[in-house]
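These are my notebook entries on one protein chain, written down in the order in which I looked things up.

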Amino acid sequence: MFAIVSDIHGNLEAFTAVLAEIERRAIQHVVCLGDIVGYGPNPMECLDLVNTRCRAAIMGNHDFAVMYEPFNFNSGAEAACFWTRKAFEAESDADKRAARWKYLGNLPVRIRTNDFVAVHASPRRPINEYIFPDDIYTNPGKFVSIFERFDRLCFVGHTHVPGVFLEGPDFYSPDELDYKFELTDEKAIINVGSVGQPRDRDPRSSFVVVTDTAIEFVRVPYDEGSLAGTLTRDSRWPEGDFRNTYFGPENLGPTVDRVEALQKVVPDGMTLPELALRFVLAHPAVSVVIPGMRTAAHVRANLAVGDAPPLDPGLLDELRAHRWDRTPTAWSG
Ligand SMILES: [Fe+2]
């Protein structure tokens with residue numbers, strides 16, 4: 001039994017929550033399919049953790065971009081790449097700095113065992129090719145060529161959308177599979193999803209657990225919406241909603257305390273979500289924020305923040321004092 005993670009993207013909160021779940025399940029071996037860095041604020045911490053915790057890791061397009069040159073990146077991803085490169089260079093310990101560049105530069109583009117092939121993107125173009133669920137309708141011929149490149153099982157990440165592709169071609173989301181895919185002789189491409197930036201409308205981190213007979217898709221919450229300011233000590237959710245576990249007594253009380261303290265510094269005429277977004281955007285390294293949106297009103301409010309003037313420096317200092325460093329515990333797994 002082993003776990004496969006991918007697309008951590010410098011999101012340390014998400015990665016530590018996933019590793020806590022892997023530990024809780026007593027899984028010894030972890031494989032990482034790349035994009036360790038890019039977008040998130042903790043690329044070096046994530047790289048160090050992959051180095052110590054993962055048995056093998058593969059190069060993703062963002063790792064490649066930081067090491068060499070961004071290729072086909074949008075402006076936000078490119079800015080994140082250059083920021084990450086600068087952060088690596090700013091490490092004052094020369095040995096640590098060199099070791100990290102060496103580790104990044106030595107990542108292979110493909111792992112091949114008797115049982116499977118693993119790449120970041122696709123067996124045809126291992127670093128860069130996207131295999132999207134929509135391709136089965138818009139470009140079915142692509143699958144003929146891709147399925148010719150491996151014998152039975154191929155693990156990928158890259159799109160941040162977990163699920164199983166069969167040779168049909170067909171695609172099944174984890175939800176449609178009840179989070180478990182039983183292995184047969186049929187060829188399959190398994191997308192393990194993303195730890196740090198899921199893009200399938202489920203905000204929880206994604207990874208898979210592989211046994212001899214099946215692939216289990218696992219989702220782990222690492223934080224959820226407390227800065228919307230709507231939680232109370234009595235908040236409960238429908239049966240089966242993961243927030244009932246995540247916001248257990250150990251987490252809900254302290255979270256509400258923190259949010260209440262923050263509410264006191266929200267200026268007149270502003271909401272807590274607006275203040276939170278403007279605080280994040282005030283950081284010079286941040287060019288894009290993708291907040292949660294469930295209604296048209298959310299979309300309008302989020303867009304309006306982009307045109308708002310910078311926050312007062314005094315208020316920014318006051319907000320920085322509310323920093324909350326947390327260590328993931330049982331409730332976050
Ligand atoms: Fe990625």
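**Entry 1: the two domains.** I began with the spacing of the domains in this predicted model, and I found that the C-alpha centres of domain 1 and domain 2 lie 28 Å apart. The domain assignment places domain 1 at residues 2-220 and domain 2 at residues 226-332. I then looked up the contact between them, to which domain 1 gives 8 residues and domain 2 gives 7 residues. On the side of domain 1 that touches domain 2, α1 (12-24) and α4 (75-89) each supply at least two residues.

Entry 2: Next I traced an open sheet of 6 strands, which run in the order β3-β2-β1-β11-β12-β9 with mixed pairing.

**Entry 3: the partners of β1.** I followed strand β1 (residues 2-5) to strand β2 (residues 29-32), and the two pair in the parallel sense over 4 bridges. Within this pair I found A3 opposite V30 of β2, and I recorded H29 in β2 as the bridge partner of F2. The chain passes from β1 through α1 to β2, and I noted this β-α-β crossover as right-handed. With strand β11 (residues 205-210), β1 pairs in the antiparallel sense over 3 bridges, and there I4 has V208 as its bridge partner.

**Entry 4: backbone angles.** I kept in mind that most residues other than glycine have a negative phi, and that most peptide bonds are trans. I therefore looked up the exceptions.

- D7, which lies in the loop between β1 and α1, has a phi near 50°, a positive value in a residue that is not glycine.
- Y39, in the loop between β2 and α2 (43-53), has a positive phi of about 75° and is likewise not a glycine.
- G168 and P169 are joined by a cis peptide bond with omega about 0°, and P169 lies in the loop between β7 (163-166) and β8 (170-172).

Entry 5: Is D7 buried or exposed? I noted 31 other C-beta atoms within 10 Å of D7, and because a residue with 20 or more counts as buried, D7 is buried. Y39 also counts as buried, with 23 C-beta neighbours inside 10 Å.

Terms used: Residues are numbered from 1 along each chain as its sequence is written. This is a predicted model: local features need pLDDT of at least 70, side-chain atom pairs count only at pLDDT 80 or more; totals for chains, interfaces and linings use all residues. Domain bounds come from an automatic or database domain assignment. Two residues are in contact if their C-beta atoms, placed from the backbone, lie within 7 Å. Two strands pair if DSSP finds at least two bridges between them. A crossover is right-handed if, with the strands pointing away from the viewer, the path from the first strand over the helix to the second runs clockwise. A residue is buried if 20 or more other C-beta atoms lie within 10 Å of its own, exposed if 12 or fewer, and partly exposed in between; C-beta atoms are placed from the backbone.
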